[in-house]
Amino acid sequence: MPELKRLHAGHAPAVLAFELANRAYFAASVSDRGDEFFGRFTDRHSALLAEQEAGVCAFYVLVAEDGSVLGRFNLYDFEDGTAALGYRVAQHVAGRGVATATVRELCRLAAARHGLRTLRAATSRGNVASQKVLTKAGFVPVGPADPADLGGKSGTWYQRDLEVQP
């Protein structure tokens, strides 16, 4: 059974393998990260962990029983009880409800572990799969997303108000 885990230094090799194996798949729906991302991956991973340690974001990976990464699920730009959500899942698990179930779990964690009250996520108009995931996970469209938020693509912001855990 896959497990959602908080990102740590030991995840770096599996995350890099995930990104490389799915690069072309991801580039079909979101902007490609570029060669520099992969060339400086170790530095970028360390920077993400430092941001997480500072409490301004939280990064998670969905890990399969064999230790491989099936998806990345990120909460970032924490501000006044709100954060942005970003995620990507491996091509071989796409369309099987993995992203929807994990986004729902992350919503629970966002409230319980991070004290967040609202999550926002932007998706391009052409990324129908992501729109379905967000809708099934309880997000509603709230307005247009600036192309700068989506690698130059037009899109929509979605939002979900979370149940704050006592």
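This briefing describes a sheet, the helices on it, and some aromatic contacts. The model is predicted, so local features need pLDDT of at least 70 and side-chain atom pairs count only at pLDDT 80 or more, while totals for chains, interfaces and linings use all residues. Residues are numbered from 1 along each chain as its sequence is written, and side-chain values use heavy atoms, with hydrogens and water left out.

**Sheet and helices**
- Seven strands, in the order β1-β2-β3-β4-β5-β7-β6, make up an open sheet with mixed pairing; strands (E, at least two residues) and helices (H or I, at least four) are DSSP runs numbered from the N terminus, and two strands pair if DSSP finds at least two bridges between them.
- β1 (3–6) and β6 (140–145) each have a single partner strand, so one side of each is left without a neighbour in the sheet.
- Strands β5 (residues 118–124) and β7 (residues 155–161) run antiparallel and are joined by seven bridges, and Thr123 has Thr156 as its bridge partner in β7.
- Helix α6 (residues 128–136) packs on the sheet and touches β4, β5 and β7, where contact means heavy atoms within 4.5 Å.

**Aromatic residues**
- There are five aromatic pairs in the structure, a pair being rings of Phe, Tyr and Trp (its six-membered ring) with centres within 6.5 Å, counted as stacked with planes under 30 degrees apart, edge-to-face over 60 and tilted for the rest.
- The rings of Phe37 and Phe38 are edge-to-face, because their centres lie 5.0 Å apart and their planes stand at 90°.
- Phe18, Tyr25 and Phe26 form one aromatic cluster.

Notes:
Axes are lines fitted to C-alpha atoms, for helices over the stretch in contact, and angles run from 0 to 180 degrees between N-to-C directions.
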